[in-house]
Amino acid sequence: MIQLEDLTKTFDTPNGNVVAAEKVNMEVPTGEICILLGPSGCGKTTALKMINRLIPPTSGSIYLNGEDTGKLNDIELRRKIGYVIQQIGLFPNMTIEENISVVPKLLGWDMKRARTRAAELLDLVGLDPYQFLKRYPKELSGGQQQRVGVIRALAADPPVMLMDEPFGAIDPINREIIQDEFLKMQAELKKTIMFVSHDIDEAVKMGDKIAIFRAGKIEQYDSPDKILAHPANPFVADFVGTDRTLKRLRLVTAEDVVDAQAPVAARAMKVSDLREQLTVSGSRIAIVIGSDHRPEGFVTADEIAGASGKVSDFEHPLPAKVPVRADLRAVVSEMFANDTMWLACTDDNGRYAGVVTQPAVTAALRATYAGAAGGSA
């Protein structure tokens with residue numbers, strides 16, 4: 001959807017020409033999020049703003065869905081692109097409904113259609129249209145304003161969105177919430193998005209691809225997992241951090257590593273029967289489940305060795321449970337907090353889904369390192 005070919009920007013200064021972006025080449029597939037990442041002054045924002053011509057390119061070409069944007073005037077081009085900035089830029093004298101409807105009105109939409117679209121978009125980001133449509137920006141929190149800024153860029157349903165540090169001014173708790181809402185929205189809308197960020201954790205969470213910039217050039221353009229597991233050079237390795245293996249935990253969910261066949265037992269089960277099941281499976285624990293198939297406790301193989309009676313006689317409370325949708329960062333955190341090397345997992349309905357173990361987490365990380373011979377770990 002977005003293709004940059006030898007995109008270059010040179011600024012004239014009293015001290016001579018300064019190259020802000022030099023022969024930037026990249027392609028962003030339809031429906032993906034690409035994060036532009038790098039230190040201050042590296043050219044990432046310049047590259048972004050050249051796409052909607054807020055900064056005119058010095059040379060090179062930009063294509064949207066195969067169309068050379070150099071043949072479009074500024075108005076035609078910007079109608080195809082939604083734009084979100086950190087400062088939000090809502091009009092203070094307009095209601096939220098009016099703010100969202102600005103571009104649709106310019107495009108000639110009738111008011112009924114524009115209002116319907118505004119209500120749909122508010123609902124999409126978890127804001128009740130009945131409560132927020134007639135409010136003014138000053139009546140919203142910073143996080144709520146930021147959500148409105150994002151959906152305003154979506155109002156005319158553009159195929160491409162450009163976002164310049166859209167969540168940078170939000171406090172960490174609300175930033176996580178807004179990021180999650182945005183990813184839910186993107187899963188439904190499948191927009192093609194180019195997104196400037198200075199936060200490697202945000203880039204890993206949000207991006208399908210990451211472009212690492214330095215001095216106007218792209219040092220590496222790849223998936224977050226590949227960049228973290230196999231940085232292209234020492235600059236990229238240093239930029240993503242020495243804890244890059246821990247950052248990769250965000251990219252894998254418990255569902256990817258859960259053992260759905262781990263032994264389970266009902267409270268009324270004979271321990272002799274469970275002991276045989278544990279011996280066959282080679283497992284050291286069994287999860288005790290209730291009649292509604294929810295995990296409620298556990299039994300260890302050591303404690304029932306040679307014992308008789310029922311499972312309920314040997315049951316211990318679970319140290320913790322995690323949903324299968326949780327990323328491995330959350331899983332490992334729970335393991336450390338509860339001093340355990342395993343956790344029971346639950347599905348969306350709270351029912352037992354299997355067990356995730358520390359060795360399984362380690363194996364998942366090792367798989368990517370083995371995926372590219374010679375890559376730096």
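This is a predicted model: local features need pLDDT of at least 70, side-chain atom pairs count only at pLDDT 80 or more; totals for chains, interfaces and linings use all residues.
View 1. Strand 4 covers residues 59-64 and strand 1 covers residues 2-13. Five bridges join the two, and the pairing is antiparallel. Another pair in this view is Ile 2 and its bridge partner in strand 4, Leu 64.

**View 2. The hairpin of strand 1 and strand 2.** Strand 1 is also paired with strand 2, through nine bridges and in the antiparallel sense. Two residues make the link between these strands, forming a hairpin. Thr 10 has Val 19 of strand 2 opposite.

View 3. Strands of a sheet pair through backbone hydrogen bonds.

**View 4. The crossing of helix 5 and helix 7.** Helix 5 spans residues 111-124 and helix 7 spans residues 142-154. Their axes come within 10 Å and cross at roughly 135 degrees. The two helices are therefore oblique to each other. The crossing of helix 5 with helix 7 is right-handed. On helix 5, the contact is made by Arg 117, Leu 121 and Leu 122. On helix 7, Val 148, Ile 151 and Leu 154 make the contact. Sorted by class, this contact of helix 5 with helix 7 holds five nonpolar residues, one charged residue and no polar residues.

**View 5. The whole protein, for orientation of the close-ups.** The protein has 17 helices and 17 strands. Along the principal axes, its C-alpha atoms fill a box of roughly 85 × 55 × 35 Å. Of the 377 residues in the protein, 47% are buried. Among contacts between residues at least 6 apart in sequence, 62% join residues at least 24 apart.

Terms used. Residues are numbered from 1 along each chain as its sequence is written. Side-chain values use heavy atoms; hydrogens and water are left out. Axes are lines fitted to C-alpha atoms, for helices over the stretch in contact, and angles run from 0 to 180 degrees between N-to-C directions. Helices (H or I, at least four residues) and strands (E, at least two) are DSSP runs, numbered from the N terminus. Angles under 35 degrees count as roughly parallel, over 145 as roughly antiparallel, 65 to 115 as roughly perpendicular and the rest as oblique. A crossing is left-handed if the near helix is turned anticlockwise from the far one by less than a right angle, and right-handed if clockwise. Contact means heavy atoms within 4.5 Å. Ala, Val, Leu, Ile, Met, Phe, Trp, Tyr, Cys and Pro count as nonpolar, Asp, Glu, Lys and Arg as charged, and the others, Gly among them, as polar. Two strands pair if DSSP finds at least two bridges between them. Buried means under 20% relative accessible area, exposed over 50%, partly exposed in between (1.4 Å probe, protein chains only).
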